[in-house]
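Here's a quick tour for anyone opening this model for the first time. Let's start with the ligand site and then move on to the backbone and the domains.

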Amino acid sequence: MPITHRRTCSICEANCGIVVTTEGRDIVSIKGDPGNALSRGHICPKATALADLQNDPDRLRRPIKRTGEQWEEIGWDQAFAEIGERTRTILARDADSAAMYIGNPNAHSYANSLVSGELKKALGLKNIYSASTVDQMPHMVANLALFGHSGLWGVPDIDRTSTMIILGGNPMASNGSVWTVPDFRNRVKALQKRGGQLVVIDPRRTETAKIADRHLFIRPATDAMLLAALLKAVLAHPARPDLPDYIGNMDVVADAISGFDSAGCAAQCGVSSADIAWLADRLVQGPAALYGRIGTATQSFGTLNAWLIALINIASGQLDREGGLLFPTPLVDTVAMTGPGSVGRRHSRVSGHPLVMGEYPAAALAEEIETAGAGQIRALFVIAGNPVLSTPNGRRLDTALEGLELMVSVDMYRNATSRHAHYILPPVGPLEREHYGLFLLPIAIRNFGKFSAPLFEAEAGMLQDWQIMRKLAEAISGATNGRETPRQLLDKLLRAGPYAITLAELEAEPGGKDFGPLRAGRFPDRLQTAEKRIDCAPSQLVADLDRLRTALHRDDDDRLRLIGRRHVRSNNSWLHNSPRLVKGPQRCTLMIHPDDARARNLGDGSLAEVSSRRGAIRLPVEVTDDMMPGTVSIPHGWGHNLPGISMAVAQAHAGASINDLTDEAALDPLSGNAAFSGVPVEVRPAV
Ligand SMILES: Nc1nc2c(c(=O)[nH]1)N[C@H]1C(S)=C(S)[C@@H](COP(=O)(O)OP(=O)(O)OC[C@H]3O[C@@H](n4cnc5c(=O)[nH]c(N)nc54)[C@H](O)[C@@H]3O)O[C@H]1N2
Ligand SMILES: Nc1nc2c(c(=O)[nH]1)N[C@H]1C(S)=C(S)[C@@H](COP(=O)(O)OP(=O)(O)OC[C@H]3O[C@@H](n4cnc5c(=O)[nH]c(N)nc54)[C@H](O)[C@@H]3O)O[C@H]1N2
Ligand code: SF4
Ligand SMILES: [Mo]
C-alpha cells in the first residue's frame, strides 16, 4: 500500500514542501506540495534526487578507518574511543592544535546548528573555519556594521515590489540564497503581470537574466564601482525621499563618495551612465529592492559591496517598506538566540587575518596546517564539508591534509576531502532525520514555519550528525554534554519565539504554519544597534573606499576573467553521484564568448586548457554569446577524478575543479572571504 508523507526538501535554502509516496522503504515518487504556503507546489529536479541519495550504494553506512591506503569498517564505539584518545594526546601537547571546518549542509540541519557548539567547545573553540568565508561572510560583516547583528538580514519583498534588481545572483539556478524564495519563477511572472520589472546585472546572460525585463552585463569584480556611482545617482536624485530619524550619517557617506567620478566608474564596470541613471530612477520611484548575492560577495570588495547595496536601498527609501527590504518575524528568533558577532578579536597565526564572527578564512586553512610552530593545526574535524573542491587553491589544501596527525570527516561519501581522513563517520540518510529551517526561515519572504519528522526510521546502527558530534565531543572531553535532544531545544525556542507556539502544534500542521507576508514597521524595533539607530558610515567601511579608489584603476591586462556558475541539477560538490541529476549534457564546461573563442582557435566542444597563477585544468569548451566578452565561466564543485574517491557516478562525470585555479591569497580583507570572481586566466587549446 503506497503511503504519502508531507515533508521538506533539505538540499537548498528554498525549503520546498514535498510530498513523498513510499511503499515500505521504496520511494515511489517525490512531488511538490501545493499545500505549502511558502513553496506553493514548487520543486526543482534536486528534490527527486533525495531518492538517489537515500538509496545510493556509495553512501557510507558504517564508520570507516584508514591506515595508509587501506580502509576498514569499524564499530561506532571503537571509532569514538580511538578518536577521543588520539585527539586528547594531540591537545595535551598543544591545546591550540585542533580545528574544525564546518561545511554548507550544516546550515540546512537545525540539529547540527544546535549541537555543533559542543564539539567546538571540546576542541578548544580556537580554530573554526567554515564555508561562510567562501560564501556570505561579507554580507554578515555589513549586517553587523549597519544593523548591529551579523545575522539580521533585510529580505527583498519580491511579492510586492515594482522593481527587483539582482546583482550577482542567479535564483533560476540556485533557487535563491540568503533569501528563502521558493517558486521564484512564478513570483517573477506575478511581478511582471502587475507591471513591474526584473533587472539582472551579471557578466553572464544567466537563466534569470533570460526571464528578466532587462539584463546588463558587468565586468567581473567591478561591482563596487557600479554601486558607488549608483549611490551617488540616488543621493542626487531630485525625488529622493527624506530618511527617517533613526538613520544617520548618510551625509558623511555622500561626502566620502563625492570624489568618485561617476563616468569613470561606469566605464570601468561596463554599465553605462544612462543605465545607472535609469536604475537610480527605478529605485527612487519604488517600491524597489536591490539584492546582491554571491557574485558580489566573492570579491576583494565583498564587504564594501554589501554595505553599498544596503545604502542604496536605504537612500532610495526602500528600507522597511512593502515591496522594498523588510525584516521577517520568524517563529524562532535566531537573532535573539545568538550573539551579534565580532570582527578582529584575534588574528590568525600565519598571515594575521582577523577573526570574523569567530572564524578564520577557509582560504587560510592550508597554511595553518603547513606552518610549524605553536598552534599549528594537527587535528582537523570536517563536518559536512568538501574544502578540497570548495575553497581557493584546493590543491594546496589537498596536499596539506596529508600532513595532519588526525583527520576526521563526518560525511556520507569518501570524496576529494574525506579520502584524506583517518576516520569517516557517516550520518543517516536524508529522509531519516528531522528538518526545521532554523536559519533559513528567518530570511524567508513570508513568516512561515514547518517541522518535518523523519520519513523513514534510521537503518539499524546508524546515527544522526548531531549524535555523532555529541559523542565525539564526549569522547574528546570526557564530559557528558547537554542531555537535551535538538527536538527539545527547538521546542523551547519555538515557545520563547514571537508566536509562542509549541513543537507539537507546529508538527500538527503537515503543510507548515503560515503567518503571512512580511510586515513593514519592524525596522527600528528590530535593530540590534545601540539606541536602535543605523549609522550609515561605519569608519572601517568609509576607510575601505580609499582602497577602492586606488585599486580599481582600469588595467591594461587583457587576460580573460574567470567567474563561477551554478546549475539547477547540481549542488556544490556533492550531488554528482545521483544518476538522475548528472544525466544529459556535460555541465562542467568552460563558457566563452564566440570572439574570445575564435581568437584562441577554440571550437565548441573542443578541449581547452585554462591556467592561472595557481594551476591549470582541462575541460570542454562551450561557445556562447551569453558570456560577456573577456569573461569565462566554470561551475564549482567538480573534479571527482582524484585517487581514493569512491563515488562511481561522480567519477564517471568527474569534470575539473575551478578551485585548482582560484587564488587563496585573493581575499576581502574585511571579512576574510575568498575572492573567486574575476580570476585572471589564460585559455588555449589543450594539446
Ligand atoms: N570557485 C568557487 N568556489 C566555491 C563557490 C563558488 O561559487 N565558486 N561557492 C562556495 C559556496 S557558496 C559554498 S557554500 C561552498 C561549499 O563548500 P563545502 O560546504 O565545503 O562543500 P559542499 O560541496 O557543500 O560539501 C558538502 C559535504 O557534505 C557532505 N554532506 C552532504 N549532506 C550531508 C549531511 O547531511 N551530513 C553530513 N555529515 N555530510 C553531508 C557531502 O558529501 C560533501 O562532502 O563552496 C564554495 N566554493
Ligand atoms: N542548483 C544549485 N542551487 C544552489 C547551489 C548549487 O550549487 N546548485 N548552491 C547553493 C549555495 S551554497 C549558494 S551560496 C547559493 C548561491 O546562490 P546565487 O548567489 O544565486 O549563486 P549563482 O547561481 O552562482 O549566481 C551567482 C551569479 O553571480 C555572477 N557573477 C560572478 N561574478 C560576478 C561579479 O563579479 N559581479 C556580478 N555582478 N556577478 C557575478 C555569476 O555569473 C552568477 O550568475 O546557491 C545555493 N543553491
Ligand atoms: S529548490 Fe530544489 S533543492 Fe531547493 S529546496 Fe526546493 S526542491 Fe529542494
Ligand atoms: Mo553557499
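Two helices, α5 (171-174) and α12 (294-297), each give at least two residues to the shell around ligand 2; helices here are DSSP runs of H or I with at least four residues, strands are runs of E with at least two, and both are numbered from the N terminus. Keep in mind that this is a predicted model: local features need pLDDT of at least 70, side-chain atom pairs count only at pLDDT 80 or more, and totals for chains, interfaces and linings use all residues. Residues are numbered from 1 along each chain as its sequence is written, chains are lettered from A and ligands numbered from 1 in the order in which they are written, and side-chain values use heavy atoms, with hydrogens and water left out.

**Around ligand 2**

- The shell has 31 residues, and Ser174, Asp202, Asp223, Ser570 and Asn572 are the closest (a residue belongs if one of its heavy atoms lies within 4 Å of the ligand).
- By type, the shell splits into 10 nonpolar, 15 polar and 6 charged residues; Ala, Val, Leu, Ile, Met, Phe, Trp, Tyr, Cys and Pro count as nonpolar, Asp, Glu, Lys and Arg as charged, and the others, Gly among them, as polar.
- Domain 3 (137-330 + 531-544) and domain 4 (557-685) each put at least three residues into this shell, with bounds taken from an automatic or database domain assignment.

**Backbone atoms facing the ligand**

- A backbone N or O atom of Ser570 sits 2.6 Å from a nitrogen atom of ligand 2.
- For Ala221, a backbone N or O atom is 2.7 Å from an oxygen atom of ligand 2.
- A polar backbone atom of Asn572 also lies 2.7 Å from an oxygen atom of the ligand.
- Taken alone, ligand 2 would expose 920 Å², and the protein buries 97% of that (Shrake-Rupley areas, 1.4 Å probe).

- Asn572 has a positive phi of about 45 degrees although it isn't a glycine, and its place is the loop between β25 (560-563) and α23 (579-582).
- Val178, another non-glycine, has a positive phi of about 40 degrees and lies in the loop between α5 and α6 (184-193).
- Val178 counts as buried because its relative accessibility is 13%, and buried means under 20% relative accessible area (1.4 Å probe, protein chains only).
- Gly286 and Pro287 are joined by a cis peptide bond, with omega about -15 degrees; Pro287 is in the loop between α11 (273-285) and β13 (288-292).

**Domains**

- The chain also has domain 1 (3-48) and domain 2 (81-135 + 334-515), whose C-alpha centres lie 26 Å apart.
- Across that pair, 21 residues of domain 1 are in contact with 24 of domain 2 (heavy atoms within 4.5 Å).

How values were computed:
A polar contact is a pair of N or O atoms within 3.5 Å; within protein, one must be able to donate a hydrogen and the other to accept it, and residues adjacent in sequence count only if both atoms are side-chain atoms. Buried means under 20% relative accessible area, exposed over 50%, partly exposed in between (1.4 Å probe, protein chains only).
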